[in-house]
Amino acid sequence: MKKRVITYGTYDILHPGHINLLKRAKALGDELIVMVSTDEFNQNEKKKDNYYKFEERKFVLEALKYVDAVYPEESWEQKETDIEKYDIDIFVMGDNWEGKFDYLSEKCEVKYLPRTEGISTTGIKKALKNRSREC
């Protein structure tokens with residue numbers, strides 16, 4: 001029986017930290033499902049703007065060898081139903097979310113993976129914004 005892993009995120013400006021997380025998540029099982037925040041969910045719930053639209057972010061993720069399927073994340077609450085819907089064995093998030101999803105351990109194994117040091121989408125966006133002012 002295949003072991004299925006699921007993870008969530010915006011994946012706006014894809015960087016080595018994202019790739020490291022996806023690679024390690026995939027190594028935990030046979031199939032990796034990535035739930036990508038929709039534009040509406042990012043704006044209305046997460047209160048953040050993304051550079052790339054949902055379909056563009058989905059397209060890029062689907063091209064990665066570690067990713068088997070990509071679906072939309074439209075609400076915080078859908079995680080529980082996603083675990084059942086996709087028959088998930090392991091739920092994975094970066095360790096910046098440590099403890100936030102422990103309640104899901106009743107449905108599957110929950111793992112928090114260390115983030116890649118020194119890189120974040122927020123940091124990249126800030127650096128690009130500062131750089132553009134100098135040009």
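# A buried polar pair and its surroundings

A polar contact of 2.8 Å joins the side chains of E73 and S37; such a contact is a pair of N or O atoms within 3.5 Å, where within protein one must be able to donate a hydrogen and the other to accept it, and residues adjacent in sequence count only if both atoms are side-chain atoms. This is a predicted model, in which local features need pLDDT of at least 70 and side-chain atom pairs count only at pLDDT 80 or more, while totals for chains, interfaces and linings use all residues. Residues are numbered from 1 along each chain as its sequence is written, and side-chain values use heavy atoms, with hydrogens and water left out.

**The two partners**

- E73 lies in strand β3 (residues 69-73), and S37 is in strand β2; strands (E, at least two residues) and helices (H or I, at least four) are DSSP runs numbered from the N terminus.
- Are these residues buried or exposed? E73 counts as buried at 1% relative accessibility, and S37 is buried at 0%; buried means under 20% relative accessible area, exposed over 50% and partly exposed in between, using a 1.4 Å probe and protein chains only.
- Leaving aside residues up to four places away in sequence, E73 touches Y8, G9, M35, V36, S37, T38, F41, K46, Q78 and K79, where contact means heavy atoms within 4.5 Å.
- With neighbours within four places in sequence left out, S37 is in contact with G9, T10, N42, K46, F54, R57 and E73.

**The sheet and its helices**

**The nonpolar cores**

- The largest nonpolar core has 17 residues, and those with the most contacts inside it are Y11, L22, L32, V34, V36, L61 and V67; a nonpolar core is a set of buried Ala, Val, Leu, Ile, Met, Phe, Trp, Tyr and Cys residues joined through side-chain atoms within 4.5 Å.
- At least two residues of this core come from each of α1 (16-27), β2 (31-37), α3 (54-62) and β4 (90-94).
- Apart from this core lies another, of 15 residues, including I33, I88, F91 and F101.

**Aromatic rings**

- A search of the whole structure finds 8 aromatic pairs; rings of Phe, Tyr and Trp (its six-membered ring) pair if their centres lie within 6.5 Å, with planes under 30 degrees apart counted as stacked, over 60 as edge-to-face and the rest as tilted.
- Y51 and Y52 form an edge-to-face pair, 4.8 Å centre to centre with 85 degrees between the planes.
- Y51 is exposed at 61% relative accessible area, and Y52 is partly exposed at 35%.
- The rings of F91 and F101 have centres 5.3 Å apart and planes at 55 degrees, so this pair is tilted.
- F91 lies in strand β4 and F101 in the loop between β4 and β5, so the pair ties together parts that are 10 residues apart in sequence.
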